[in-house]
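Hi,

Here is the structure I promised to send over.

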Amino acid sequence: MKQAHEDEFREFVLARFNTLGRFAYLLCHDWHLAEDVVQKSLVKLYAKWPKAAIRSPDAYARKIIANTIKDEHRLGWFRKESPSETLPERHVDDSSEAQSNRHTVLSALAQLPKRQQLAVVLRFWEDMSVEQTAEIMGCSTGTVKSQTARGLKTLRGLLTEIPSQVSGAMQ
């Protein structure tokens with residue numbers, strides 16, 4: 001029986017590792033931290049795997065990742081590592097308009113409060129329903145709707161400000 005659970009868990013990790021990594025990155029905006037968070041979260045998920053496998057392992061994993069990132073931010077001042085400004089192995093070529101737009105959206109997303117950021121990422125990047133998002137966030141569907149609406153309003157404001165800031169800086 002234990003071997004069956006381990007095989008299921010291994011298959012889940014192989015199939016979902018990259019997706020979970022992108023989800024973590026969208027919440028913390030640091031590839032190295034995202035990889036660390038996913039690994040820590042998978043260790044936690046493994047301990048709860050029989051319970052998680054019966055329910056929704058994707059939702060359970062995302063909830064663990066969101067909570068782990070929240071813990072990382074809370075304990076961030078205590079960390080011994082200091083992040084660098086650039087990550088050479090993840091350098092993005094900003095020569096294309098699409099990559100520039102992606103950078104602009106990610107920068108705006110990083111400015112949202114954490115709950116709004118989580119709601120927007122789950123709803124629109126992860127394409128989850130309001131109910132699924134509420135389960136992961138541990139709140140009501142009304143809270144998800146209000147956090148999403150506030151997050152989108154803030155994003156719209158930030159995204160309309162950015163082009164004027166760029167063109168103003170170039171003059």
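**Helix packing**

The model is a predicted one, where local features need pLDDT of at least 70 and side-chain atom pairs pLDDT 80 or more, while totals for chains, interfaces and linings use all residues. Residues are numbered from 1 along each chain as its sequence is written, and side-chain values use heavy atoms, without hydrogens and water.

Helices here are DSSP runs (H or I, at least four residues) numbered from the N terminus; axes are lines fitted to C-alpha atoms over the stretch in contact, with angles from 0 to 180 degrees between N-to-C directions. In the contact (heavy atoms within 4.5 Å), Arg115, Leu118, Ala119, Leu122 and Arg123 of helix 6 meet Val130, Thr133, Ile136 and Met137 of helix 7. By class, that contact has 6 nonpolar, 1 polar and 2 charged residues.

Now for the other pair. The axes of helix 1 (residues 2-28) and helix 2 (residues 31-47) come within 9 Å and cross at roughly 150°, which makes helix 1 roughly antiparallel to helix 2. Among the contact residues are Phe9, Phe12 and Phe17 of helix 1, and Trp31, Leu42 and Tyr46 of helix 2. This contact divides into 15 nonpolar, 1 polar and 3 charged residues.

Happy browsing!

Terms used
Helix = DSSP H or I, 4+ residues; strand = E, 2+ residues; numbered from the N terminus. Parallel < 35°, antiparallel > 145°, perpendicular 65-115°, else oblique. Nonpolar A, V, L, I, M, F, W, Y, C, P; charged D, E, K, R; others polar.
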